[in-house]
Amino acid sequence: MQLAAAGLRVACIEPEDAIRQAVGESLDWSAPDLLKALGLPMDGLVTERMATWKRHVTMKLRDGASEHYVPGAWLADAPLRIELRTLHVDRLRLDEELLKRTVESGVSVIRDTVTKVERNGDRLSAVHTASGVRFSSPWFIDASGFASCLLPREFNLPAIQFGPAKVAIWTYFSVSKLVEGTTLYMEPLPAEYLEWVWEIPISPEVVSVGYVTTGAAMKARREQGLAVDEIFRQQLMKYPRFDTLLQAGPLGPCNVTSYRSRVYDGVAGPNWLVAGEAASMVDPITANGVTAALRHAADASALILKYHKRGTLPLRARIAYNRRILQMAKFFNVGIEKILYEPAVRNRIGARASGTVYTTPAWSMNVVYARLKPKGILKTYLLGLVLGFFRASAWVFSECCKRLPNAAETAG
Ligand SMILES: Cc1cc2nc3c(=O)[nH]c(=O)nc-3n(C[C@H](O)[C@H](O)[C@H](O)COP(=O)(O)OP(=O)(O)OC[C@H]3O[C@@H](n4cnc5c(N)ncnc54)[C@H](O)[C@@H]3O)c2cc1C
């Protein structure tokens with residue numbers, strides 16, 4: 001949209017049927033400004049019933065304990081004046097609206113799938129689609145998502161992975177009462193990697209409910225002969241909140257996806273950039289995926305506009321774009337793996353305190369990113385220093401928790 005608005009001819013190639021059911025429904029506190037820049041302010045999205053307010057995140061443990069995570073009211077005052085509200089979104093409706101606006105802005109949407117790229121060394125010259133059409137262009141953005149990663153695969157980019165492979169199962173329930181927040185249900189067992197359940201109100205009447213576990217745990221249960229929906233139901237039955245929802249009728253169709261948090265190194269070339277999950281997969285519990293995708297898209301578009309007359313991205317711009325994506329992905333993924341998923345820290349300080357230890361820098365860094373607007377190499381390195389400091393702190397803290405005696409005595 002930004003490219004078309006600036007007068008460039010833009011074609012977006014995307015198959016009619018999405019490869020994965022749209023997910024990414026609980027937005028972090030940086031997403032609203034990015035949506036506003038696309039002409040979708042929060043109030044409008046809520047009024048149009050494409051979104052509900054997300055005023056807090058609540059962690060509910062199986063033993064009944066719970067914790068609310070709310071940005072401090074002081075953040076809304078001078079000098080910071082930070083917006084304390086964000087949204088849950090109905091992705092089908094939001095994506096429809098985005099598509100409508102994209103077409104209205106002058107972008108040609110082509111319902112096809114890219115199957116091959118044509119290149120001359122590091123430079124792309126054209127893409128070929130499943131229906132046999134060749135599209136040439138001076139510039140390319142790859143936003144093909146986690147499952148495809150077209151250009152990272154084409155250029156064999158090195159991937160940095162975080163944590164084990166995971167599986168998510170999710171469905172939708174009708175509800176009569178709206179909760180203006182995301183709820184995360186978990187049973188943090190001292191010796192085990194964390195599994196969790198999300199509840200996200202995507203409209204006043206519908207909640208999205210999903211279960212995330214490791215690929216290995218899912219495989220073990222499947223080998224015991226359990227069907228996916230039975231595994232899902234068993235998890236939901238652990239929490240009284242879902243009793244009435246499960247009793248109301250059979251489970252709706254279950255969506256299943258597998259993924260692994262990771263980031264590619266080298267996501268910009270002389271005339272191409274990779275954006276969204278094709279570049280970096282941030283763990284869903286961070287609620288940073290949509291923000292990251294919108295940020296990458298805005299950043300990539302701005303770079304193309306700046307350098308399109310020159311026809312090539314200078315090396316420093318490529319390095320800076322790549323570093324921003326790399327550092328943010330490492331920051332969120334290392335933080336959440338060390339502080340919450342792995343047992344060492346939560347065993348020592350308790351899962352609720354782990355949530356606070358994770359969310360405080362995570363929220364702050366999103367704000368720092370939005371305010372710093374790191375475009376050039378200098379600000380990118382400055383941001384990298386701060387992110388690196390937090391990442392190293394998470395690692396050191398986790399190592400200390402592992403080595404100190406009696407690490408498994410506190411939980412909850
Ligand atoms: C289980 C789960 C829960 C999540 N929850 C959250 C959350 O609560 N909050 C949050 O912010 N984020 C969340 N995320 C992340 C979020 O879904 C994504 O980061 C966000 O949707 C951006 O994705 P994307 O646009 O990069 O990729 P996608 O949404 O996957 O889009 C990629 C598009 O490319 C198309 N495509 C693929 N291959 C080709 C090809 N060869 N040619 C043409 N088109 C192609 C696909 O059809 C698709 O339309 C979650 C992710 C998962 C897996």
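This is a predicted model: local features need pLDDT of at least 70, side-chain atom pairs count only at pLDDT 80 or more; totals for chains, interfaces and linings use all residues.
Local features need pLDDT of at least 70 and side-chain atom pairs count only at pLDDT 80 or more, while totals for chains, interfaces and linings use all residues; side-chain values use heavy atoms, without hydrogens and water.

**The sheet.** Start with the open, mixed sheet of 8 strands, in the order β4-β3-β12-β13-β14-β11-β15-β17. Strands here are DSSP runs of E with at least two residues, and helices are runs of H or I with at least four, numbered from the N terminus; two strands pair if DSSP finds at least two bridges between them. Select β4 (66-69) and β17 (280-281) next: each has a single partner strand, so one side of each lacks a neighbour in the sheet.

**The helix on the sheet.** Now show α13 (residues 351-372), which packs on the sheet and touches β3 (56-61) and β4. Contact means heavy atoms within 4.5 Å. The helix direction makes about 10° with that of β4, using lines fitted to C-alpha atoms (for helices, over the stretch in contact) and angles from 0 to 180 degrees between N-to-C directions.

**Inside the sheet.** Move to β11 (residues 159-174) and β14 (residues 206-214), an antiparallel pair joined by 9 bridges. Pick A168 and you will find its bridge partner, V212, in β14.

**Last stop.** Select L378 in helix α14. L378 is exposed, at 73% relative accessible area (exposed is over 50%, buried under 20%, partly exposed in between; 1.4 Å probe, protein chains only).

Terms used. Residues are numbered from 1 along each chain as its sequence is written.
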